[in-house]
Amino acid sequence: MQRPKARKPRGFPDRSGAELVTERLMLERIAGVYRSYGFAELQTPAFEYTDALGKFLPDVDRPNAGVFSLQDDDEQWLSLRYDLTAPLARYVAENMDALPRPYRRYAVGTVWRNEKPGPGRFREFTQIDADACFAPAPHADAEIIMMFIDALKAAGVEDSDVEIRLSSRRVMTGLLDVIGVDPEDQATAGTVLRAMDKYDRLGADGVALLLGEGRKDDSGDYTEGAKLEARQIDQVLRFMEGSDMADAFAGNQAGTEGAEELQKIVSTLTELGYGNRVKLDPSVIRGLDYYTGPVFEAALTFDVENEKGQVVQFGSVGSGGRYDGLIARFKGQDVPSVGCSVGVSRLLTALASKAAFEEADGPVVILALEEAEMPRYHRMAQALRGEGVAAEVYLGGAGMKAQMRYADKRGASLVVIVGEDERKAGQVTIKDLRAGKEASQNIDSREQWTEERPGQETVGEGNFVEAVTTRLA
RNA sequence: GCCGCCUUAGCUCAGUAGGUUAGAGCGCUUGAUUGUGGAUCAAGAGGUCCCCCGUUCGAACCGGGGAGGCGGUACCA
């Protein structure tokens, strides 16, 4: 008989223990920030119709690569959501008339992307988003960014560890106009913007190659360039290196307005004390056929290492921006909207590389030494639970040594022992594994080992609950 | 998708310029302790040397193909 191999599909993490506890705490703290700004939770399903997500391949009757899709029994295509914004757009369009304006909601959930996993990058991960719809620039944008910063801080990211990089799609439209590239020309405009996006990593020279003929990277991969002229390339680079975005647009409407909008956002944030956290950065591009105004992302300022200690390219841990056209796909009418998203799974990975998670203590383990006394052991466990102490009775017929090993492996702080001796004497032995662990550092002979019983005490059976809670306190 | 590296015990990794019984450390099990985890000592279990095809008297090792993992790059809502 052919047995299946026990294996996990790649990019789908198994998760347990302290990581999960930390994630739940993180989510609750971020949600708390969102709620404090007046956002209320909305839950939508994991699946949406593929056309509602806008993920059919152009001119083909099949869903785009990158999303997990399947056909329902009526042959309609469904896809797992790849973010929380597309489902929001569907929800708002579907309930347009019933919703207050502005409509503010947050959402927490798992999203799925069918693409190659990388360091800190999974095919299944958690996002927590907040969005305001029917909310025009620039004040809604300033508020979202402010809240985004608060959320990251609540998630445990130190001020010095993160930087909010801000740019604007309208400014980019202006730039393209000025250098003579039609912003509507998806192919060229897209290539130019994607090249700019790589400025951090490749520097001016690398970007120049991508704007011109193309570039072959160190691994030998070749990327086709935008084929701009030298003059245009120079303009783009000068824009990227310049400090004042507005300068670049003498009389260009989109560019000038975009830059003014950014200035208003920055000055609002500065007035509220967030100015030092935000930096204008023309290399922030984000979703090309998605955002229409300001865009921003949170970049970590420390190196992320993998388990082998190698420093690894690590993307942003959250992002957001203005998408005035997303809901128009359904209703034909622009709905000015802006939102942010924290990539919780990725943020956890990054923080884990910085400091290991503390494993919490396991439950108190009550040894099961005498078969006939099982009810007594369960009663003792109940008594502890009644005081809010997590407790379990050992199950399975192993000897005392094996039970102790089990308690150790579980990370139990205390073991409760009632064997024949204790029972006859009306007593309970409590052993503190933590104390023993410490003492073991200094023990190196077998004699010492068998004689000492560190952290062990025997109390009357009426007092054992109190003795346990005192030790745990 | 493209490029590179890697794949030997549960884990981390040695290994022989093709030769019979493939190793270490850690972990695991058992014992030293007939009622005590973690230190120490001893013993033991555990392997299709990623898979397939080929070369060879003989392949974990050489050649070809494939799969998987890792990293980079492309794409990324």
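Me: How many cavities of 30 Å³ or more does a search of the whole structure find?
Reply: One. A cavity is a set of points on a 1 Å grid over the protein atoms alone where a 1.4 Å probe fits but cannot get out. The model is predicted, with local features needing pLDDT of at least 70, side-chain atom pairs 80 or more, and totals for chains, interfaces and linings using all residues. Residues count from 1 along each chain as written, chains are lettered from A and ligands numbered from 1 in written order, and side-chain values use heavy atoms, without hydrogens and water.

Me: What makes up the lining of the largest cavity?
Reply: Leu 42, Gln 43, Thr 44, Arg 81, Leu 84, Ala 107 and Val 108 line the largest cavity (an atom within 4 Å of a point). They split into four nonpolar, two polar and one charged. The space inside is about 30 Å³.

Me: Which residues of H5 make the contact with H9?
Reply: Arg 170, Val 171, Thr 173 and Gly 174 (contact: heavy atoms within 4.5 Å). On H9, the partners include Ala 254, Glu 257 and Leu 262. By class, this contact has four nonpolar, four polar and three charged residues.

Me: What meets in the contact of H6 with H7?
Reply: Thr 191, Val 192, Ala 195, Met 196 and Asp 197 in H6 meet Tyr 199, Val 207, Leu 210 and Leu 211 in H7. Seven are nonpolar, one polar and one charged. The axes cross at roughly 145 degrees and come within 7 Å.

Methods: Helices (H or I, at least four residues) and strands (E, at least two) are DSSP runs, numbered from the N terminus. Ala, Val, Leu, Ile, Met, Phe, Trp, Tyr, Cys and Pro count as nonpolar, Asp, Glu, Lys and Arg as charged, and the others, Gly among them, as polar. On a 1 Å grid over the protein atoms alone, a cavity is a set of points where a 1.4 Å probe fits but cannot get out, and a pocket is an open set with protein on both sides within 12 Å along at least five of seven lines; lining residues have an atom within 4 Å of a point. Grid points are joined across faces, edges and corners, and a volume is the space filled by probe spheres set on the points. Axes are lines fitted to C-alpha atoms, for helices over the stretch in contact, and angles run from 0 to 180 degrees between N-to-C directions.
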